[in-house]
Amino acid sequence: MKKEMVAMVLAGGQGSRLKLLTKNNAKPAVPFGGKYRIIDFPLSNCTNSGIDTVGVLIQYKPQILNNYIGIGRAWDLDRNFGGISLLPPYMQENGGWWYKGTANSIYQNMDFIDEYDPEYVLILSGDHIYKMDYNEMLKYHKSHNADATIAVIEVSLEEASRFGIMNVREDKQIYEFEEKPAHPKSTLASMGIYIFNWKTLKKALIEDEANPNSSNDFGKDIIPKLLGENCKLMAYPFKGYWKDVGTIESLWEANMDLINKDVDFDIYDKNWRIYSQAPNKPGQVIGDNAKIKNSLITEGCVIKGEVENSVLFSGVYIEEGAKVTNSVIMCDTRICKNSKVDRAIFGRKVLVKENLEVAGKSEILLIEEDRVVDENIVK
């Protein structure tokens, strides 16, 4: 059996800018939005787009991600032919064990892709928050008879130097790629979402691997190589919500966007569900004197104090007199009586003792998992 397109999700990133949240966890497995993990979004996009063959390339701290994804049942990816496959690095002829770069990770798994003999390969990052119909992108790719198509999004000129920038002609054909330019010529930023003709990509990967000077990266090596060989690369303009949650600030912002009425990102859309391995928890308990305003409260929470402009994961307990504002509180955390939490992200199983203030003033405050907070923390 042949698959028209196979998806490969790059999910091995360490995510060092997320600091203590990725101390024991790969970045794509970081919790998000009350009941999800970041990787739920690209996997759900695959399911909703009708893509039933997905390889997930894991590397850094893979155990949680491995256990979470399992056989892919939550995303309807438990199939006899195709479905989801977890692809860790393995020993190479040169003795190496590690994926050397994004392109090398696909190179090491060419046999997996060849098993399905696809016409096209979809390359995805496992650490972005967005909803996208990849079939629409494939139609665009086919209609332009492209060798590769790169999804792009408009960013501000001030932000452009943080991204790979695509310079395009009027018909959206890419003529130049700039990796994090100091003086960008355009504001079309790569989203790290690519569709390649498999034959074209396979040839490029083999040649790139043979180049001792290559960093084996899509942005730094493969894309410039294809442009230099006059391959046809198209930019696919994306108009919806997209967030790279690579920092504590951006992770906090993306969670806050879920409860911001001015942000057009609907996780309640029945026609484009976000699937997850949701925990089996009892219903919420809302106390007689509890006050909740503009917040996302998931199952298993007990609220006896106040919650405002916050996202609470399952099993969070807010005691009487405690107040949580503008914060993201992960699973099984307890905020004791009369303590105040503001502008913070808490890892799982944090205990804040009574009568304390824990707040981020000049920056978003991060409290790592399994911590007992027994003194005021204000930054």
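## What covers helix H6

In this predicted model, several elements cover the buried residues of H6. Among the helices, they include H3 (102-107), H4 (110-114) and H7 (218-228). Among the strands, they include E6 (120-125) and E11 (188-197).

## The buried side of H6

The buried residues of H6 are Trp198, Thr200, Leu201, Ala204, Leu205 and Asp208. They span an arc of only 155 degrees around the axis, which means that they lie on the same side of H6. An α-helix has 3.6 residues a turn, so residues three or four places apart point the same way.

H6 runs over residues 198-209, 12 residues in total. From its first C-alpha to its last, H6 reaches 16 Å. That is close to the 16 Å expected at 1.5 Å a residue.

## The chain as a whole

The protein chain contains 8 helices and 30 strands. Its radius of gyration is 22 Å, close to the 21 Å that the globule rule gives for 379 residues, so the chain is as compact as a globular protein of that length. The C-alpha trace spans about 65 × 50 × 45 Å along its principal axes.

## Burial, contacts and surface

Of the 379 residues in the protein chain, 55% are buried, with under 20% relative accessible area as the cut-off. Take the contacts between residues at least 6 apart in sequence: 54% join residues at least 24 apart.

The accessible surface of the protein chain comes to about 17,200 Å². Carbon and sulfur atoms account for 44% of that surface.

Definitions and conventions: Residues numbered from 1 in each chain as written. Predicted model: local features only at pLDDT ≥ 70, side-chain atom pairs only at ≥ 80, totals over all residues. Heavy atoms only, no water. Helix = DSSP H or I, 4+ residues; strand = E, 2+ residues; numbered from the N terminus. Expected span 1.5 Å × (residues − 1). Buried < 20%, exposed > 50% of the residue type's maximum accessible area, 1.4 Å probe, protein only. Arc of directions from axis to C-beta. Contact = heavy atoms within 4.5 Å. Rg over C-alpha atoms; globule rule 2.2 N^0.38 Å. Areas by Shrake-Rupley, 256 points an atom, 1.4 Å probe, with all protein chains shown as cover.
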